[in-house]
Each structure stands twice: as C-alpha cells, then as structure tokens.
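Please look through the sequence and the model below before reading on. The paragraphs that follow go from strands to cores and then to aromatic rings.

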Amino acid sequence: MLVLELASVLAGPSVGQFFAELGATVIKLENKATGGDVTRSWKLAAEKGSEGVSAYFSAANWGKLSVGLDLREADALERVYKIAAQADVVIASYKPGDSEKLLVDYHTLSKLNSRLIYGHITGYGPHDERAGYDAVIQAESGFMYMNGSPDGPATKMPVALMDILAAHQLKEGILTALLQRERTGKGSLVQVSLFDAAVSALANQGTNYLVAGHSPQRMGSEHPNIVPYGSVYTCKDGLQLVLAIGDDRQFRRLCQVLGSAGLAANPDYATNSARVQHRSAVNEQLKQLISQHNRPELLQQLHQLHVPAGAVNTVPEVFEQAQARRMLLPQPGGPSGIRQVAFVGEGMATDAVTPPPAFDQHQAQVWDLLTKPEA
C-alpha cells in the first residue's frame, strides 16, 4: 500500500506511522520553504541528538520517506500528482480551504485516481477556517475544565490527547473506507475534526450531564460515579498507588487485605452508591489503612485477590517494565521510538520500520520508486 502524507505535527503523522508499521510505503511530503515539519524544531531545552529530528518529531514519523517540496512551484505539484495517481491513501491536515488553494484537495486528486482514499484532519470541520490546536480544543471541549485538583485551576493534560483522539478516529475512518473500496472499487473522502473527536470522547462525563443534568467539576483523579476509583494513596514507604475498585466484591477484598474486613460491612461503605455519598469518609479511612503498608507487598496481595490497583509510576519507571519495552521501536545505536500499533492479531505482524527521516532524505529514492514499471 502507498500512502502520501500531507500532514504535520502529531495527529496526521501518527496515522502515517501507523500504516508504516503495518507495512505501507509512506511518503511524507514536507514544505521545502519552511524546512519541513515544524516539530523538527520542537526540542527540549537540554535535548541533544540529530539536527532536525527532535524527540517530538520522533513521536510520529518512524518508517517514512521524506521528500521536501514547495507546492507553489509547478514542477513540485506535478510530482505530487504523480504520487497521488499511484497512492492508496492521502493523509492531510490543512485548514479548510488551504488544500484547495494548493490544488491538493480531494476533488482535485480523485480526478487522477478514482480509488484514492483521502483522510483529512481539521480543527473544527470543513466549514470552519480556524486552525486546530490541541490546547485550545482541550479547553473548548470541556477537558481542561474538568482536569486538575478541586481547588486548582483548569489544567491541560500533559499529552496532546485531542490530536491522538482525532488520529484514532481517522485511522478507523480510513480502514472503513478501505473495506468499502474493496466492495465498490471507489475511493472516498474521510473527514475528522479535533473538536468532534474530543466531544465523542467525553464518554461518561458527557452523559453525566446529558442524562443526569450533572455538570462535571474538577475532582483531581477521583471518579464522579465510582469510589474508590482513580484515588491515589501514599504507602508507609512513601510510594504511591492508585485504586480502581469497580464493584462491591472488590471493595470487600480490599478491606480484607488491609486488615479491616469490618469496614466493608458498614452500611455507609458497603455499596458503591453509599461510598459515592460518603466519598470523603471512605478516602480518609483508606488513607489511614494504606499508610500502614509498604507498596510492593500491598500490591502483591491485592493482585493475588484480583483487586485493581497499581503503582503511580514516573515515565522512566514505565519503560523499566518488560511489557512497555515490547512497545518500543529499536534503532541500532540510537534512541528508541514508540509504536503506534498496539494491537496483536492472529496472522498479523507489524513490520520493522526505519528511524525518523532527515528532511528531504529520500528525494531520489521516491522518484526512483515511482518510475519503476511495477510501482
């Protein structure tokens, strides 16, 4: 499969890497006039490494062939048309109207290739010309208002989650369009906006308002419908753990491990609805009990009884785990990346992919690929 990526930053490029990991040839078109994808320059203050390949750029650009072109040049446009004529999928992230101005919109490219699937990510949909930025979408979709401690300010999440949600929606849309093309022989336009993806992901918080009329408020890591769920406690050794008690049986087992089985028999704590009503009292009781145990031993006992609990890890601690390391993309003599493909299917395997490319690294290789008779 041949994919042409006309996208930058995170959402669109992560979709491109997803297909690269599954074995597609992904040609990343970068703007020659600006030096390529803007994230190439988004480096940490103390970040070292290859010029033009930042850690941020590396988050979504493994396995691609980079070509630098200026679409305002006629020769460059003809080259893009040559790729589009042979491509299965185009991934774009232009503001509404920009792809038409550049003459790389779905209507134009589909005339060259009726089987083309064109996936387009925007901020707010095809009729709103505002550019979409993750932090702004987090604010406008309610996520920022809900996130943070009860007595603190609205807080942006530490990853560009709206971009990631939109990327997942576009993957699903493109895969659906590929299946549809197998049946009809025709390509199609798939459109996703960051805002729509964010609203779709409001899930239970959205329906808490729509169904129950409850406006979600900041609760730290607490859950509005379940107690204790998301609650963080500090153990005797100073290490923290989180509980995710989904039913009353799990709560009884938790109390058993903590040496206070009678607590679960208290009418104020015996059922989830009662615990929601007495949230503060439940948390205070558990805080005192958990503070008497060291985390490793306590987690071991909880896991043996299938009580959902886990350590609150730093990012370095995450990658100390064998399961997390299976999600890494290795680079001989260089830093690892993170896979976009997290599923495992029978008879399905992800391909080994090359490290993130330097800007315009594959100009000659791409034109050679496109001129081969079997391309």
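This is a predicted model: local features need pLDDT of at least 70, side-chain atom pairs count only at pLDDT 80 or more; totals for chains, interfaces and linings use all residues.

Strand β3 covers residues 64-69, and six of its six residues are buried, so the strand is largely enclosed by the rest of the structure. Buried here stands for a relative accessible area under 20%.

Strand β3 has a parallel partner in β2 (residues 25-31), and six bridges connect the two. One point of reference is Lys 28, whose bridge partner in β3 is Ser 66. Strand β2 is itself largely enclosed by the rest of the structure, because five of its seven residues are buried. It also pairs with β1 (residues 2-6), again running parallel, through four bridges. In that pairing Leu 2 is found opposite Thr 25 of β2.

Strand β8 (residues 240-244) is joined to β9 by three bridges, and Val 242 has Gly 310 of β9 opposite.

Next come the nonpolar cores. The largest has 32 residues, and Phe 19, Ile 91, Leu 170 and Ile 174 have the most contacts inside it. Elements giving two or more residues to this core include α1 (11-21), β4 (89-92), α8 (161-184) and β6 (188-193). Helix α8 contributes the most, with seven residues. What does Ile 91 touch, leaving aside its neighbours within four places in sequence? Its contacts include Val 3, Leu 4 and Leu 6, as well as Val 15, Phe 19, Gly 119, Leu 170 and Ile 174. There is also a second, separate core of 26 residues, and among its members are Leu 2, Leu 6, Leu 69 and Leu 109.

The aromatic rings remain. The structure contains five aromatic pairs. One of them is formed by Tyr 106 and Tyr 118, edge-to-face, with 6.1 Å from centre to centre and 65° between the planes. This pair links distant parts of the chain, since Tyr 106 belongs to helix α5 (residues 106-112) and Tyr 118 to strand β5 (residues 117-122), twelve residues apart. Tyr 118 has a relative accessible area of 1% and is therefore buried, whereas Tyr 106, at 22%, is partly exposed. Elsewhere, Phe 18, Phe 19 and Phe 343 make up one aromatic cluster; Phe 19 is also among the residues with the most contacts inside the largest core.

Two arginines lie over aromatic faces. Arg 40 is over the face of Phe 57, at 4.0 Å from the ring centre. Arg 130 is over the face of Tyr 124, at 3.7 Å from the ring centre.

Key:
Residues are numbered from 1 along each chain as its sequence is written. Side-chain values use heavy atoms; hydrogens and water are left out. Two strands pair if DSSP finds at least two bridges between them. Buried means under 20% relative accessible area, exposed over 50%, partly exposed in between (1.4 Å probe, protein chains only). Rings of Phe, Tyr and Trp (its six-membered ring) pair if their centres lie within 6.5 Å; planes under 30 degrees apart count as stacked, over 60 as edge-to-face and the rest as tilted. A charge sits over a ring if NZ of Lys or CZ of Arg is within 6 Å of the ring centre and within 35 degrees of the ring normal. A nonpolar core is a set of buried Ala, Val, Leu, Ile, Met, Phe, Trp, Tyr and Cys residues joined through side-chain atoms within 4.5 Å. Contact means heavy atoms within 4.5 Å.
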